[in-house]
Amino acid sequence: GLFVTDYFTRTPRKLSPFRSFASIELFHFHIPEDTVIAVWNLITFKEQGGTFGDQCPDRSITVYFRSGAPSVINPLHTHFPRDTAVPGSFALTLTWTLPNRTTGVFNVTSPLPGDWFLAAHLPKDEGKISVKGLYEECQYLFQPQLIVQRLVNIAVLYPGHVTEQSMAPHNRSCLYKVFVPSYTSRVLVEVLRCRGAEGCPLWLRVRAKAPPLHNSTTLDCREHTPCQLAQDLPFWQHWYYVLVEKHPGVPGTVSFQVTVQLTDCSRPSLARPPFLPSSASMNMPHSFGSAGGLALGDSPPPTSPNDTKHPVPIPVTSHAGERCWPVRPTLRNELDTFSVHFYIFFGPNVSVPPDRPAVFVINLLPVLDSGGVLNLELRLNVSSLCGENVTVFGCLNHEVPLTSSDNTSVTCETESLAGFLLSVNATASLSRLRIPYPQTGSWYLSLRSLCATEHGFEPCTNVTAEVYLRAYLSPCINDCGIYGQCKLLRTNNYLYAACECKAGWNGWGCTDNAEAFSYGFQLLSTLLLCLSNVMFVPPVAIAVRSHYLLEAAVYIFTMFFSTFYHACDQPGIVVFCIMEYDVLQFCDFLGSLMSVWVTVIAMARLQPIVKQASVLYLLGAMLLSMALQMDRHGLWNLLGPSLFALGIMAVAWTARTIRRRHCYPPTWKRWAFYLCPGALIAAAAVLLYAFVETEENYFYIHSIWHLLIAGSVGFLLPPRAKPSRRLGPLPRRKGCGYQLCVNEQEELGLVDPAVASINSICTS
């Protein structure tokens, strides 16, 4: 055959440590049909400060692969919620081969066509809270690339037609494909008139959706005559691939014929004639009892077709009780993103007769529905059982319904199918099933009622069970509960939802409480963060006593909003919000920065120049508001205003030192008992905030930060300014009827003495 190579790549993305599925990076690929090999080239490199991160530590990277929907991963080994089915996926761990770059390769032979998803993340870290911009962070970038090689012009087999083939000595295999429409109960592939040097030295392999592999359904034509390979309950609306492979070391040419027969569920006694479209291909509705809209039971194996190139109906011997059952459709009602309800016609109460199963179909749209959770709920109406020991079994299968006729062992699996089993009875009348990130397409639910006896389960007589059936699609499991938040995430044009847990809760639905915070701990942490702001009361009292009324107002503002911001910022259930969270956070950050600003400006002692000091206070408030709106967590939001204010203070102190020819502040007691302790306390607070604070110790370290910052303000705030020594009016001299008065404006420095005239001549 002719091979065509396609190449796909994605933009590099920064990986994050794993905390929940919301912290992973998801990549979406599409593999075309007839692909024989897919190769993922996984490129990972480090960056630090815009250059290669040679000094960054090596951290392993885990990559997950899954076809049809994103992977449901659990690297922390947490517990899933009850009644949750966990689909499997491939996992690969990348290790570093170079200081700043590594490459991994993941090959998939004959991959399933359609959507493929890659999920990548770093290992969980210690949860350190770092100040943005304090140091150059190590970034781990991941870029997947996909190379696929697919066959073109694969020979198509038509049901009932015979295809002749000669395999040359240099050829080892021949590949065919046949399309299986809906309501097909059996696929039979047969090799006829095989002639070779050693009998029929051929292997016959069959696989759905993709070319066969070494572990696919296989038959050795040397040992089986006739060489027939049957597939019961095939996937509907998919290609089946047939590989005829020659034994190694067989000389000469091997000639053979290959034919395919499809058994129509609506007509189990005949094979599906070619060119006769099924009800699905004619877009007929899934009506109740129509011949086309049927689910299938076990179908008998057809006999071998005649050696002819013309289609021949194949009669079969029908066993007792083998029938096809109608498939009831569901009505799709979209409420929101990943919020879809599937309503049953004449439901939601469903009658399950004793002699046949009730089959329903749920259609999930490609790509759009795979990022949510498929929920199924069965509730048995016990009053409808009439005292009988009835159990209703439900099988949920993907792409083909499964209704087994075996009463002793009720399962939802075959050699080629895997499904999910639900059961309800008089004792346990409720059963639920949740499938996170379900594969799209058609899901079939088959309900069947059986009566329990001492010999096992047997068909019931004259008892029709009534079941309440509810099927819906939701973004997350139970909306992540009270200790989680359901987040809607996007990667390129693909949407998916995931839970982000808090207060120590973990798991896919935030239901794992192994590391959860108790209510007492949550209350204690909230009280610590809130009540530690009471430490601002002494600085407020000192500021009021020293006539620093503006500074006192800023400290009160900071204390108020810091208290209620931390009361609203708690991860658990001990939460109290008086305003929107964003407003409280902005006011808390603004108050903290303004406290630093007004304290340092007050230390500069600019009060004698009244107008200039007011300008600095107002300018600081405007600039800090602008900076917080731009980047609320940036390092320079705290460092920039602080350095600018310290520069103003240094200039003012230097000017006073030069003018007075004495160090300012002039007393050693001020340095020893106020400035040095206050500076040390403030430096300790900054070091705790920048280098020690983590998610685990946040509650008490941040409370200590509140205490230290408020305490440093009490030490650093300057004392009350002494009144300036002004020359009061000269004492009036009593003389011979005249008094000489001194102009008080000149003494206050408001009038130039050179142009001022003494005009205060008082008359006695």
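Me: How do you know what the numbering and the values rest on?
Reply: Residues are counted from 1 along each chain as its sequence is written, and side-chain values use heavy atoms, with hydrogens and water left out. Since the model is predicted, local features need pLDDT of at least 70 and side-chain atom pairs count only at pLDDT 80 or more, while totals for chains, interfaces and linings use all residues.

Me: What makes residues 273-323 a stretch to treat with care?
Reply: pLDDT is the predictor's confidence in each residue, from 0 to 100. The protein averages 82, and 84% of the residues score at least 70, but pLDDT stays under 50 over residues 273-323. The model has 115 contacts (heavy atoms within 4.5 Å) beyond four places in sequence for that stretch. Residues 738-764 also stay under 50, with 28 such contacts. Where pLDDT is low, the predicted coordinates should not be read in detail.

Me: Why are β3 and β7 called edge strands?
Reply: Strands are DSSP runs of E with at least two residues, and helices are runs of H or I with at least four, numbered from the N terminus. Two strands pair if DSSP finds at least two bridges between them. The open sheet here has the order β3-β9-β6-β7, with antiparallel pairing. β3 (25-31) and β7 (90-94) each have a single partner strand, so one side of each is left without a neighbour in the sheet.

Me: How do you know that β3 pairs with β9?
Reply: There are 7 bridges between β3 and β9 (residues 114-121), in the antiparallel sense, and the cut-off is at least two, so the two strands count as paired. Phe27 stands opposite Leu118 in β9.

Me: What makes β14 and β19 partners?
Reply: Their 9 bridges meet the same test: β14 (residues 184-195) and β19 (residues 254-264) run antiparallel. Val189 stands opposite Val260 in β19. Both strands belong to an open sheet in the order β12-β19-β14-β17, where β12 (162-167) and β17 (227-232) are the edge strands.

Me: What makes the peptide bond between Thr225 and Pro226 stand out?
Reply: That bond is cis, with omega about 0°, and Pro226 lies in the loop between β16 (217-220) and β17. The bond from Tyr664 to Pro665 is cis too, with omega near -5°; Pro665 sits in the loop between α6 (635-660) and α7 (668-692).

Me: Why is a space called a cavity, and how many are there?
Reply: On a 1 Å grid over the protein atoms alone, a cavity is a set of points where a 1.4 Å probe fits but cannot get out. The structure holds 6 cavities of 30 Å³ or more.

Conventions. 1 Å grid on protein atoms, 1.4 Å probe; cavity = no way out; pocket = protein on both sides within 12 Å on 5 of 7 lines; lining within 4 Å. Points joined across faces, edges and corners; volume = space filled by probe spheres on them.
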